[in-house]
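I took them one at a time.

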Amino acid sequence: MSHPTRRQVLHGSAAALAGAALAAPVAFADTATARPADGHRRLAGHGHSGGHEMPEPFDEMYQGRHIEGWPADEGGSENGGHGDHHAGPASPHEGMDFVVRIDNDDLHVMRNADGTWISLVNHYETFTTPRALARAAVRELQGADLVPVVTG
Amino acid sequence: MAVRKNQADLTATEKRNFVDAVLELKRTGRYDEFISTHNAFIIGDTDDGERTGHRSPSFLPWHRRFLLQFEQALQSITPSVMLPYWDWTADRTPRSSLWADDFLGGDGRSGDGRVNSGPFAFGNGNWPMNIRVDGRTFLRRSLGTGVRELPTRAEVDRVLAMTVYDAAPWNSSSDGFRNNIEGWRGPNLHNRVHVWVGGQMTTGASPNDPVFWLHHCFIDKLWAEWQRMHPKSGYLPTGNTPDVVDLHDTMKPWNDVTPADLLDHTKFYDYA
């Protein structure tokens, strides 16, 4: 792939966001496991942040796969722009709070009201962080590649 | 009255008719339309946005309508076919007749989880994974690996004892019968069974495994049992709830049916 600029731009802004979060008074105490926020705070939350702190970006090799994740843009200015190699009927990031990729392919993820996460690969069990979800997907995939989401 | 039976009680002919009708829907492409629909709702249903098929009060009536539509499609092939249900509190091991070669076929093999026996085995060529989330084109299972135990009858009874159908905020964090049977709260019934089967059943494209229909048929039966136990407890909410299907709101994708239309299953079928 000779056009990874979009991802790099996104990743850069995600890193900047993470820096801002770390500088804030309610920064994550443990950068390895972004804790799900206190469930009661969702009542005060609004928008699709739901009152929960956004987990940190991550980028690592896990069981031979490159997994990475970063908070999706809040404003939607990148609408439809991510993963242009995935042009299709459904934008894989539509309505998503957090982008997760395995070997540069998008994994659709979703945050639950209690701050836990699920993915399209493991849709009926919850994970405390997107990183844990990505690792579970790698184990489930057993080396297979993700394919673009088909929703008919 | 058409009767949906426990899969354990099906005759050899009933099993064959069911399997043959499923394979015929697959061959004509109609089966995959059901997978696409389910996958679209799995992705579109969110806790803080519009939600219809899952994580919401309409989880139960939506799947009731979805199963009815699938059952009618099967009956367009063979009119006598009814959906069977899988009581996973009773038939709770990979040795159940459910997983025999004359019905759904067995567990996936170690290594890659590929199902190599029964009518849906990859080698037969009749069961391609056209709507999928990853590159693998064969049906997979890993019975009892993702989670060791299926729910017990005692756990089901705990959930059936809940008197309130559903509660605000009408999503995966709700108290009440619906969210406890769906499994985001409590002993985890419906969700856990998807995980126990493994393979495609853990994904948004879970109807790729025909056991999807038998699992949801039992969930549907449990809803009927709950209604009989709590005749004064109705579907909730009943009006003016943003993003949520109220009692008299129409449901996507059909747009011509409401939860109220689907509360009484005896209009369509009975359970043995």
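Predicted model: local features only at pLDDT ≥ 70, side-chain atom pairs only at ≥ 80, totals over all residues.

**Entry 1: A:Asp103 and its partner.** A:Asp103 is partly exposed, at a relative accessible area of 29%. I checked what its side chain meets and found A:Arg65, in a salt bridge of 2.6 Å, N to O. A:Asp103 sits in the loop between β3 (98-102) and β4 (105-107) of chain A, and A:Arg65 sits in strand β2 (residues 65-71), so the pair ties together parts 38 residues apart in sequence. Is A:Arg65 buried or exposed? I noted it as buried, because its relative accessibility is 6% and the cut-off is under 20%.

**Entry 2: salt bridges in chain B.** I counted 27 salt bridges over all chains by the rule used. I then went through two in chain B. B:Asp32 and B:Lys26 meet through their side chains at 2.7 Å, N to O. Both B:Asp32 and B:Lys26 are buried. B:Glu50 pairs with B:Lys252, with the closest N and O atoms 2.9 Å apart. Where do the two partners lie? B:Glu50 is in the loop between α2 (30-44) and α3 (59-77) of chain B, and B:Lys252 is in the loop between α7 and α8 of chain B. This pair links distant parts of the chain, 202 residues apart. I checked accessibility on each side. B:Glu50 is partly exposed, at 41% relative accessible area. B:Lys252 is also partly exposed, at 41%.

Entry 3: Within the list, I looked up the bridge between A:Glu140 and B:Arg140, at 3.0 Å, N to O.

**Entry 4: the contact between chains.** How many salt bridges cross the interface of chain A and chain B? I found two by the rule. I also recorded 13 residue pairs in polar contact between the chains, with both residues at pLDDT 80 or more. By class, the side of chain A that touches chain B has 13 nonpolar, ten polar and five charged residues. The contact takes 28 residues from chain A and 35 from chain B. The buried area between the two chains is about 2,400 Å², and carbon and sulfur atoms give 55% of it.

**Entry 5: backbone in chain B.** Most residues other than glycine have a negative phi, and most peptide bonds are trans. The bond from B:Ala168 to B:Pro169 is cis, with omega near 5°. B:Pro169 lies in the loop between α4 (153-160) and α5 (177-182) of chain B. B:Trp170 is in the loop between α4 and α5 as well. B:Trp170 has phi near 60°, a positive value in a residue other than glycine. B:Trp170 is buried, at 15% relative accessible area.

I then moved to another loop. The bond from B:Leu236 to B:Pro237 is cis, with omega near 0°. B:Pro237 is in the loop between α7 (211-229) and α8 (259-262) of chain B. B:Asn255 is also found in the loop between α7 and α8. Its phi is positive, about 65°, although B:Asn255 is not a glycine. B:Asn255 is partly exposed, at 47% relative accessible area.

**Entry 6: confidence in chain A.** Chain A has a mean of 67, and 50% of its residues reach 70 or more. Which element of chain A has the lowest confidence? I found helix α1 (residues 5-23), at a mean of 37, while strand β1 (residues 58-62) is highest, at 98. The pLDDT is below 50 over residues 1-49 of chain A, and this stretch has 63 contacts beyond near neighbours in sequence. Residues 74-90 of chain A are also below 50, with 21 such contacts.

Conventions. Residues numbered from 1 in each chain as written. Chains lettered and ligands numbered in written order. Heavy atoms only, no water. pLDDT = per-residue confidence, 0-100. Helix = DSSP H or I, 4+ residues; strand = E, 2+ residues; numbered from the N terminus. Contact = heavy atoms within 4.5 Å. Buried < 20%, exposed > 50% of the residue type's maximum accessible area, 1.4 Å probe, protein only. Buried area = accessible area lost by both parts, 1.4 Å probe. Salt bridge = Lys/Arg side-chain N within 4 Å of Asp/Glu carboxyl O. Polar contact = N/O pair within 3.5 Å; in protein donor to acceptor, adjacent residues only side chain to side chain. Nonpolar A, V, L, I, M, F, W, Y, C, P; charged D, E, K, R; others polar.
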